[in-house]
Amino acid sequence: MLLVGGLGAPLARAQAHTLTELAARQEADDGPPPPKRELRGFWIATVGNIDWPNQRGEAPEQYRREYRRLLDAGQRAGLNAVFVQIRPASDAFYKSGLEPWSKYLTGRQGKAPAGDDDPLLFLISEAHRHNMEFHAWFNPYRATMDTVTRSLGALHPYRRHPDWFIRYASQYYYNPGLPDVRRHIERVILDVTRRYDIDGVHFDDYFYPYPEPGYTFHDEAAYKANNPDSLSLGDWRRRNVNLLVHELHDSLRATKRWVKFGISPFGVWMNKSADPLGSDTRAGQPSYSNLYADSRLWLQQGWVDYILPQLYWSTRFRLVPYAPLLEWWTRNRFGRHLYIGHGTYRMFESTRSDTAWRNPRELPRQLRLNRSYPEDVQGSVFFSAKSLVGNPLHSTDSLRLDLYRAPALVPTMPWLDSLAPRPVRQLLLNRVGPLATLTWTPDPQPAPDGDRAAYYVLYRFERGQVMGPDDPRRILAIIRPLALGQPGTYQDTTAVPGTAYAYYLTAADRLHNESAPVRIFSEGKLANEVLAAAPPTVAPPVAARPAPRPTAPVVVAPRPQPRPAAEEPAYKVKTKEKEKPRRRGFFARLFGLR
């Protein structure tokens with residue numbers, strides 16, 4: 001990153017993300033819907049207290065309030081992921097027996113928070129309560145932000161292994177050429193992965209340090225001792241970083257298969273003038289040659305689940321224009337997810353080098369460019385949280401009211417998991433006037449891969465709306481119980497008496513695979529309406545592939561009515577052949593029920 005060295009239950013207790021403002025304006029939204037699946041996140045930088053905590057040494061109650069405010073703002077803007085810097089400089093925002101508490105948390109490195117608090121437990125649970133993925137952001141090689149080693153905590157590895165570190169300019173860095181360093185970094189990250197319920201492990205752009213005039217990174221001894229293949233210095237340094245990335249990827253898969261691994265490199269891999277495979281740009285410090293970070297190779301080899309290049313330049317910047325660079329990344333993602341890092345902090349700058357960031361249309365323009373590659377760009381992340389909360393040039397309003405006006409589910413990663421959880425076992429509706437209460441019981445059996453529902457997605461449809469779980473504008477709520485596979489409940493307080501509704505409920509696992517919907521139809525004509533629905537009959541899923549969904553013809557009513565999406569099976573009720581015909585209600589007519 002470019003600032004201060006930092007990217008980046010029971011029914012009664014079920015937590016719901018209610019989208020009331022969205023519901024109020026759904027009917028006025030006649031244009032095409034936003035993508036249903038799109039990662040939308042922001043980085044929360046802790047180094048230098050850029051985003052959080054506001055001050056060092058705060059009481060846990062205070063830094064918790066501040067964190068909630070950030071997530072509340074992100075949720076209002078439509079975000080579904082947060083990237084929190086929990087290891088800014090070989091220190092910890094969590095209980096660790098390997099490295100000291102961070103000074104950016106408590107004011108002095110090694111000092112524990114008041115009351116023996118463990119912030120990371122709260123950071124993760126609060127993110128999940130806000131229906132956001134939590135990506136734990138580590139700086140792998142940065143050891144200090146200055147050269148005052150006497151202030152380092154007793155657990156800092158410098159105290160025991162000063163030979164692991166190299167002083168460069170005004171900081172200390174781990175020496176990537178040492179196998180012991182690589183093992184320590186992997187041990188730190190796997191320790192967090194095992195003990196905490198994180199959704200992802202995340203690196204930023206700091207590998208070998210950015211070159212500074214007049215300074216040399218003195219790793220000559222490691223180069224001589226650990227270079228059995230006699231590689232050039234550049235190739236050897238890249239190999240060191242590649243080994244860490246490859247080994248960590250494999251270790252994460254073996255530890256928790258659902259934890260994603262992603263990296264946010266400097267936005268330019270190589271300029272085309274220096275490498276024919278590079279982008280048509282003129283960046284001063286390409287990551288391949290200057291930081292020894294071969295992000296293109298990581299994607300080719302499948303060592304990362306997503307790449308999040310920092311495209312902090314505007315669409316009008318001559319040396320590194322946004323559009324050509326974006327197009328380069330779409331061609332070089334090699335089947336892994338591509339999220340774009342946007343430099344929203346630049347809207348606060350007064351620089352003359354890239355004035356297009358002062359135009360309130362710049363950020364929306366970039367997001368629309370991203371969406372012009374619907375098969376290749378899976379989302380956006382903003383640096384940093386404060387720039388989003390600050391709403392510069394009303395850019396956050398633009399997200400909330402337009403580009404992110406409907407919620408989005410996080411895109412699936414079929415190479416990690418493509419099996420959906422089982423639909424809920426039973427869905428009940430109790431409707432009294434303007435209050436419709438839905439409760440459901442999950443299937444007690446997990447999916448064939450062992451996964452249970454992590455959250456539920458509730459859709460609501462009215463007359464004239466196409467029914468099916470593809471339009472995010474019809475998502476009424478995303479409900480996340482406190483634990484996997486627990487029952488849930490939701491109260492729809494916006495149901496209009498006398499109005500007919502269809503409700504769809506799907507179950508989603510922690511990698512966002514979504515089950516077939518269970519559907520229930522309410523005509524709203526009775527003072528008290530009690531209904532029940534059972535899950536659809538589907539063929540048993542085949543391992544490693546999503547369960548097939550049967551199709552059925554659509555029955556169209558003579559006047560505009562909700563229509564089931566083509567891929568959804570029609571819901572039918574068996575009746576006896578000699579049963580007398582009865583007057584059919586709205587949904588009975590629509591679905592051909594007798």
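## Two cis peptide bonds

Ser384 sits in the loop between strand E11 (379-382) and helix H13 (385-389). Helices here (H or I, at least four residues) and strands (E, at least two) are DSSP runs, numbered from the N terminus. The bond that joins Phe383 to Ser384 is a cis peptide, with omega about 0°. Pro53 belongs to the loop between strand E2 (39-44) and H2.

A word on the model before going on. It is a predicted one: local features need pLDDT of at least 70, side-chain atom pairs count only at pLDDT 80 or more, and totals for chains, interfaces and linings use all residues. Residues are numbered from 1 along each chain as its sequence is written, and side-chain values use heavy atoms, with hydrogens and water left out.

Ser90 is not a glycine, yet its phi is positive, at about 50°. You'll find Ser90 in the loop between strand E3 (81-87) and helix H3 (103-106). Ser90 has a relative accessible area of 0%, so it is buried; buried means under 20% relative accessible area, exposed over 50%, and partly exposed in between (1.4 Å probe, protein chains only).

Ala169 is the other one, with a positive phi near 55°. Ala169 lies in the loop between strand E5 (165-168) and strand E6 (171-174). With a relative accessible area of 16%, Ala169 is buried. As background, most residues other than glycine have a negative phi, and most peptide bonds are trans.

In soluble globular proteins, nonpolar side chains tend to be buried together.

Leaving out neighbours within four places in sequence, Tyr67 is in contact (heavy atoms within 4.5 Å) with Ile44, Trp52, Val82, Val84, Phe122, Leu123, Glu126, Ala127 and Phe134. Tyr67 also shows up in the packing of H2 on H4, where Tyr63, Arg64, Tyr67, Arg68 and Leu71 meet Pro119, Phe122, Leu123, Glu126, Ala127 and Arg129.

As for geometry, the axes of H2 (residues 60-76) and H4 (residues 119-129) come within 11 Å and cross at roughly 30°. Axes are lines fitted to C-alpha atoms, for helices over the stretch in contact, and angles run from 0 to 180 degrees between N-to-C directions. H2 and H4 are therefore roughly parallel to each other; angles under 35 degrees count as roughly parallel, over 145 as roughly antiparallel, 65 to 115 as roughly perpendicular and the rest as oblique. H2 passes H4 in a right-handed crossing. A crossing is left-handed if the near helix is turned anticlockwise from the far one by less than a right angle, and right-handed if clockwise.

## H6 against H8

The axes of helix H6 (residues 179-195) and helix H8 (residues 233-255) come within 10 Å and cross at roughly 30°, which makes H6 roughly parallel to H8. The crossing of H6 past H8 is right-handed.

On the H6 side, the contact involves Arg182, Ile185, Glu186, Ile189, Leu190, Thr193 and Arg194, and these meet Asn240, Leu243, Leu244, Glu247, Leu248, Ser251, Leu252 and Thr255 of H8. The contact residues of H6 with H8 split into seven nonpolar, four polar and four charged.

Helix H11 (residues 322-331) and helix H12 (residues 362-371) have axes that come within 11 Å and cross at roughly 30°. Their crossing is right-handed. Tyr322, Ala323 and Leu326 of H11 make the contact with Gln366, Leu369 and Asn370 of H12. Buried in H12 are Glu362, Leu363, Pro364, Gln366, Leu367 and Asn370, and the buried residues of H12 pack against H11, strand E10 (337-342), E11 and H14.

Thr396 is found in H14 (residues 395-403) and counts as buried at 10% relative accessibility. Thr396 and Gly74 are 322 residues apart in sequence but 9.1 Å apart in space, C-alpha to C-alpha.

Conventions: Nonpolar A, V, L, I, M, F, W, Y, C, P; charged D, E, K, R; others polar.
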